[in-house]
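This report describes selected features of one protein model. The sequence and the structure are shown first, and the account follows.

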Amino acid sequence: MNDEITSAELPAGISASDEVTVEELQLALRNHGMHLEGLRHDLTPPGMHYLLIHFDVPEADESTWSLSIGGLVRNPVELSMADLRSRSRVTLPITLECAGNGRARLSPRPISQPWLTEAIGTAAWTGTPLRPLLEEAGIEDEAVELVFAAADRGIQGEVEHDYERSLTIAEAMRDEVLLAYEMNGAPLPPQHGFPLRLLVPGWYGMASVKWLTRITAVQEPFEGFQQTVYRFRQEPDDAGEPVTRIHPRSLIIPPGIPDFLTRRRFVEPGRHLLRGRAWSGWAPIERVEVSTDGCGTWTDATLGESASQFAWAPFTFEWDASEPGAVELSCRATDADGNTQPLEQPWNYHGFANNVVQVIPVEVRAPAG
């Protein structure tokens, strides 16, 4: 698909125009990405961390909040926040990314939250592991999935529903899956799921259900709206493949100073230390390369250590900006499974997992005098 296609030839929800709709603008004002200069922080401050709220932030009182585990279980349980806080406590740095990150750069453009590249963030999430609670509930042998339901309710795709997502039993039983009640050492902010949310490390953010109220074991794969919409499709009616783990991505902190409107960067001539972060939900990052000539040639950056298996890794690169003029900076990450960022992004109907390499236009100023 390309810019030459007219709107009349496109399915509903896809735009051939570069103009942002009022509906997209409304979504962009409710939600926000992380400022790219926030990449300098090992842990993203909560106010900078990307945010996506599908419906409304529910009214929540921790003293009366409860989580039920039911369905195909031998011992249904109801847990208060005090019960959950009394359980074993784990803190794990986790990088989250919205599955729609980069959607706004596709052409034709899927009409939804118009993310560029900033729908990311890394926080230290504190909570209790899910697995012991599931073992205590005793999942029946015929159960195949667990459905996680939130308190936020609304209408999407003409379907009224609670926000719900499912995981297979095996995926939910991973040791690192958490029921989180703190973010960076403080109670969850309301917009990030207070008082309780699910954290599924390595997966795109749609799986980490906020405002969690119930977990239900079911004997058939869950087909709710939020489960079936997150699939890679070329047409609206395609069966598609599920969106699951985060594809490798890397981002550079834009150097120099920006133009207010275009965000084009301006730097002084000389040597500059470029810094950035890289991550993947499939395997640890093994390599980051940087290009200073518009993706013509690539040179390895220096890769640092991640704070955890599921957190981004820092990288640095020495850039000699000795020649004045226009430059394009890019970076490319490869994980230990061999997954790497593409130079051109394949298109899909909902605009998911657009991990094409970042391009930063920079103007190297002429030497003074």
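Five strands form an open sheet in the order β3-β2-β12-β7-β8, with mixed pairing. At its edges stand β3 and β8 (159-168), each with a single partner strand, so one side of each has no neighbour in the sheet. From one strand to the next, the twist averages 25°. Helix α3 (residues 130-137) packs on this sheet and touches β2, β3, β7 (145-156) and β12, and its direction makes about 50° with that of β2. Contact here means heavy atoms within 4.5 Å. Axes are lines fitted to C-alpha atoms, for helices over the stretch in contact, and angles run from 0 to 180 degrees between N-to-C directions.

The model is predicted: local features need pLDDT of at least 70 and side-chain atom pairs pLDDT 80 or more, while totals for chains, interfaces and linings use all residues. Residues are numbered from 1 along each chain as its sequence is written, and side-chain values use heavy atoms, with hydrogens and water left out. Helices (H or I, at least four residues) and strands (E, at least two) are DSSP runs, numbered from the N terminus. Two strands pair if DSSP finds at least two bridges between them.

**Strand pairs**

| Strand | Partner | Bridges and direction |
|---|---|---|
| β2 (residues 66-71) | β3 (residues 77-80) | four bridges, antiparallel |
| β2 | β12 (residues 212-218) | four bridges, parallel |
| β17 (residues 265-267) | β24 (residues 358-364) | three bridges, parallel |

A hairpin of five residues connects β2 to β3. Isoleucine 69 stands opposite valine 77 in β3, and glycine 70 stands opposite threonine 216 in β12.

The pair β17 and β24 belongs to another open sheet, made of six strands in the order β16-β17-β24-β23-β19-β20, again with mixed pairing. Its edges are β16 (257-258) and β20 (299-300), each with a single partner strand, so one side of each is left without a neighbour in the sheet. Within this sheet, phenylalanine 266 stands opposite glutamate 363 in β24.

**Helix α3**

Leu130, Leu133, Leu134 and Ala137 of α3 are buried, where buried means under 20% relative accessible area, exposed over 50%, and partly exposed in between (1.4 Å probe, protein chains only). Viewed down the axis of α3, its buried residues fall within an arc of 100°, so they line one face of the helix. The arc is that of the directions from the helix axis to the C-beta atoms. Just after α3, glycine 138 has a positive phi of about 75°.

**Histidine 192**

Histidine 192 lies in the loop between β10 (186-187) and β11 (197-199). This histidine 192 counts as buried, at 3% relative accessibility. Not counting residues up to four places away in sequence, histidine 192 touches Pro46, His49, Tyr50, Leu51, Met183, Arg197 and Lys210. A polar atom of the histidine 192 side chain lies 3.5 Å from the backbone oxygen of proline 46.

**Cysteines**

The structure holds zero disulfides, a disulfide being a pair of cysteine sulfur atoms within 2.5 Å. For cysteine 98, the closest cysteine sulfur is that of cysteine 331, 19 Å away and too far for a bond. Cysteine 98 counts as buried, at 6% relative accessibility. The sulfur of cysteine 295 also has its closest cysteine sulfur in cysteine 331, at 9.3 Å, too far for a bond.

Definitions and conventions: Polar contact = N/O pair within 3.5 Å; in protein donor to acceptor, adjacent residues only side chain to side chain.
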